[in-house]
Amino acid sequence: EGYRAGTISPVEATQAALSQIEKYNGALNAFVLVDEDYALASARESEARWQAGTPKGLVDGVPTTIKDILLTKGWPTLRGSMSVDAAGPWNDDAPSVARLKEHGAVILGKTTSPEFGWKGVTDSPRTGITRNPWNTDMTPGGSSGGASAACASGMGVLHVGTDGGGSIRIPASFTGIFGIKPSYGRVPAWPLSPFGTVAHVGPMTRTVTDSALMLRVMSGPDARDWTTLPFVDTDYVAALSASIKGKRVAYSPTLGYAAVDPEVAAAVKRGAELFAELGANVEEVDFLFENPLPIFNVLWWSGARFALRNLTDKQLNELDPGLRRVFEGAASITLTDYLEAVQARGELGNRMKQFHETYDLLLTPSLAIPAFEVGKLAPTELEEVGGWVDWTPFSYPFNLTQQPACSIPCGLNSEGLPIGLQIVGPMQDDAAVLNAAYAFERVSPVASARPDLTKIV
């Protein structure tokens, strides 16, 4: 609207984002690559289109970032790994990148990820440690931690993340932003993730409305992904304002198996009460299913083994030590183990499909804990393989079931760190999740909370 009215311009918006990057990226390490010349040239082209009254698309001139897991033409996609040759060639855009460019987005650069997006915090042998704008001693989460740190500190407006076990929702919760893992297949992906059909691509933004607009763009069709859902040009922004009065909402504080920090539990409980105050019929239903972590681990570790199968001994020695342990541990997984996990996953999906015949939405904590110190896989000195999943028990189940799920800020703990509420919807009903999130955003006690960037040095 500002561009159309001429009160602001794409060049000014891009300069503002680049200024934030210049001020804060040195401390936060949110970007692996920033291309200022390309971004400003794109912004000038966008400005000319707006002045002529011919904008290119729905996000023309909006500063945007891409997680360094997704291909971006002309720029290396390093995936946080020493094993990737930066020389390329880099001749392709991933589908989500291509759609954003087609709609005129100004791409600022690429955000950091742990190696191959393998864990729930963001550090890698190639790019070092990424930090949380709310407290730089703390992790922003992962694996889309660079995107979340950039978003929370104003380094752009739209941020593309990926989520194979919580990698959008974890950092969204830790940094007090909104992030949605859409239904599997809603956003085309190419090349398909080696982690298989637990891997989703989705938006990360400061507001629900921005993510709704971004999802409409990113969900455009792409013939390179044969697993996508049939394309429907849904106006997610227009659908936001629908009332949630009368919606049947289940609230599960622990899913029946999770240990949750008391301050997190209290903030999420208050979030559920706000849904009731908005007119939803909220019912506490704690136990839904047994902890599906064994299913997730077999499928996810197998994907890691497959992704790294062709690395040389030298490259294996240069891996993140935790990822190498996963690679080595996955060698013992048998074909029978894998097929049993596939079958159990199907049973979990069936259970949740039947669950949503009774309930329209499910509320849980996004995470069991607030952000913890950087440089760790977990808040305690966990040494076992895959320790990061112990503190994110609410995210990976819904990668297995492929349902849409988001994290939205619902509170701050006593140390001033964000707490997230997870909203889960039925498969393919992304609009219902966005609608509920928008309704909650309007009454959330922390809707306008932002990190104090003056403390970043």
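This is a predicted model: local features need pLDDT of at least 70, side-chain atom pairs count only at pLDDT 80 or more; totals for chains, interfaces and linings use all residues.

Reader: Which residue of β3 stands opposite Leu-33?
Author: Strands β1 and β3 are joined by three bridges and pair in the antiparallel sense. Within β3, the residue that stands opposite Leu-33 is Lys-110.

Reader: What is the bridge partner of Thr-65 in β6?
Author: Strand β2 is joined to β3 (residues 106–111) by five bridges, and these two strands run parallel. Three bridges join β2 to β6 (residues 158–163), again with the strands running parallel. In β6, Thr-65 has as its bridge partner His-159.

Reader: Which residues point one way from β2, and which point the other way?
Author: In a regular strand, side chains alternate between the two faces of the sheet. Strand β2 (residues 63–67) is mostly covered, with five of its five residues buried. Pro-63, Thr-65 and Lys-67 point one way, while the residues that point the other way are Thr-64 and Ile-66.

Reader: Through which helix does the chain cross from β2 to β3, and what is the hand of this crossover?
Author: The two strands are parallel, and the bridge partner of Pro-63 in β3 is Val-106. The chain passes from β2 to β3 through helix α4 (residues 95–102), and the β-α-β crossover is right-handed.

Reader: How do α4 and α7 pack, roughly parallel or roughly perpendicular?
Author: The axes of α4 and α7 (residues 208–218) are 8 Å apart and meet at an angle of about 105°. Ser-96, Arg-99 and Leu-100 of α4 make the contact with Met-214, Val-217 and Met-218 of α7. Because angles of 65 to 115 degrees count as such, α4 is roughly perpendicular to α7.

Reader: Which element gives the largest share of the largest nonpolar core?
Author: This core has 56 residues, and those with the most contacts inside it include Phe-296 and Trp-300. Among the elements that give two or more residues to the core are α6 (169–175), α9 (293–307) and α12 (335–358). The largest share, eight residues, comes from α9.

Technical notes: Residues are numbered from 1 along each chain as its sequence is written. Side-chain values use heavy atoms; hydrogens and water are left out. A nonpolar core is a set of buried Ala, Val, Leu, Ile, Met, Phe, Trp, Tyr and Cys residues joined through side-chain atoms within 4.5 Å. Buried means under 20% relative accessible area, exposed over 50%, partly exposed in between (1.4 Å probe, protein chains only). Helices (H or I, at least four residues) and strands (E, at least two) are DSSP runs, numbered from the N terminus. Two strands pair if DSSP finds at least two bridges between them. A crossover is right-handed if, with the strands pointing away from the viewer, the path from the first strand over the helix to the second runs clockwise. Axes are lines fitted to C-alpha atoms, for helices over the stretch in contact, and angles run from 0 to 180 degrees between N-to-C directions. Angles under 35 degrees count as roughly parallel, over 145 as roughly antiparallel, 65 to 115 as roughly perpendicular and the rest as oblique. Contact means heavy atoms within 4.5 Å.
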